[in-house]
Amino acid sequence: MTDSEWTDRIVGDRMAVDQEFSRHVQNSRFSNQEWGMIMTAVELDIENPGDPEAARIVAVTDNIDQVMPAIEEARSKMGGMGAGGGGGPSGGARSGSSEGFLSGIKDALGLGGGESGGDGERAEAAATLAQEYADELQAHLEQKGKWEEVRTAAQG
């Protein structure tokens, strides 16, 4: 109930941060569509809401592994190449242009390291990007003078 209360208060702020954060997504290994899928699996929580000094927004990323197969399926339907890098023409924003290219070919052929390699790395990159989003959201709330109100609402 309190989670809903504090998150309901920041809907407009999240939309503003979403627009600002799109640059981070474009420079990541994920397309905008993939980022949207990732964020469906991420919950935002306020850690230590009762302590003004230690309170912070955290991305709870426990469910990211559940969307990675759907992301991989979407990539394979696109031929395994050009699916990353924010959907833009650069494509090389993934992990180095030749490495990303070869990885795409391996993935398309079904030789891409399986769950232990690529998926784990992508899930970790997704979790890192989600926490960067949470940090940016908190910074936005602090800048707008809303952080204390949101933190207090999360205390219940």
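A residue is called buried here if its relative accessible area is under 20%, exposed if that area is over 50%, and partly exposed in between, with a 1.4 Å probe and only protein chains taken into account. By that definition, 36% of the 156 residues of the chain count as buried. The structure is a predicted model, in which local features need a pLDDT of at least 70 and side-chain atom pairs count only at pLDDT 80 or more, while totals for chains, interfaces and linings use all residues. Residues are numbered from 1 along each chain as its sequence is written, and side-chain values use heavy atoms, with hydrogens and water left out.

**Overall arrangement**

The chain contains 7 helices and 2 strands, where helices (H or I, at least four residues) and strands (E, at least two) are DSSP runs numbered from the N terminus. Read from the N terminus, the order of these elements is α-α-α-β-β-α-α-α-α. A contact means heavy atoms within 4.5 Å, and of the contacts in the chain with a separation of 6 or more, 74% are between residues 24 or more positions apart. The accessible surface of the chain, calculated by the Shrake-Rupley method with a 1.4 Å probe, comes to about 8,600 Å², and carbon and sulfur atoms contribute 49% of that area.

**Aromatic pairs**

Rings of Phe, Tyr and Trp (for Trp, the six-membered ring) are paired if their centres lie within 6.5 Å, and their planes count as stacked when under 30 degrees apart, edge-to-face when over 60, and tilted for the rest. The whole structure has 3 aromatic pairs by this definition. In the pair of F21 and Y133, the ring centres are 5.3 Å apart and the planes stand at 85°, so the arrangement is edge-to-face. This pair links distant parts of the chain, since F21 belongs to helix α2 (residues 11–26) and Y133 to helix α6 (residues 115–143), 112 residues apart. Both F21 and Y133 are buried, and together with W35 they form one aromatic cluster.

**Salt bridges**

A salt bridge is a side-chain nitrogen of Lys or Arg within 4 Å of a carboxyl oxygen of Asp or Glu, and the structure holds 9 of them.

| Salt bridge | N to O distance |
|---|---|
| D13 and K146 | 3.2 Å |
| E34 and R75 | 2.7 Å |
| E72 and R122 | 2.4 Å |

In the salt bridge of D13 with K146, D13 lies in helix α2 and K146 in the loop between α6 and α7 (147–155), so the pair ties together parts that are 133 residues apart in sequence. D13 is buried, with a relative accessible area of 5%, whereas K146 counts as partly exposed at 32% relative accessibility.

For the salt bridge between E34 and R75, E34 is found in helix α3 (residues 32–40) and R75 in helix α4 (residues 64–77), so parts that are 41 residues apart in sequence are tied together. E34 counts as buried at 4% relative accessibility, and R75 counts as buried at 4% as well.

The salt bridge between E72 and R122 links distant parts of the chain, with E72 in helix α4 and R122 in helix α6, 50 residues apart. E72 counts as buried at 16% relative accessibility, and R122 counts as buried at 4%. Elsewhere, E5, R9 and E149 are linked in a network of salt bridges.
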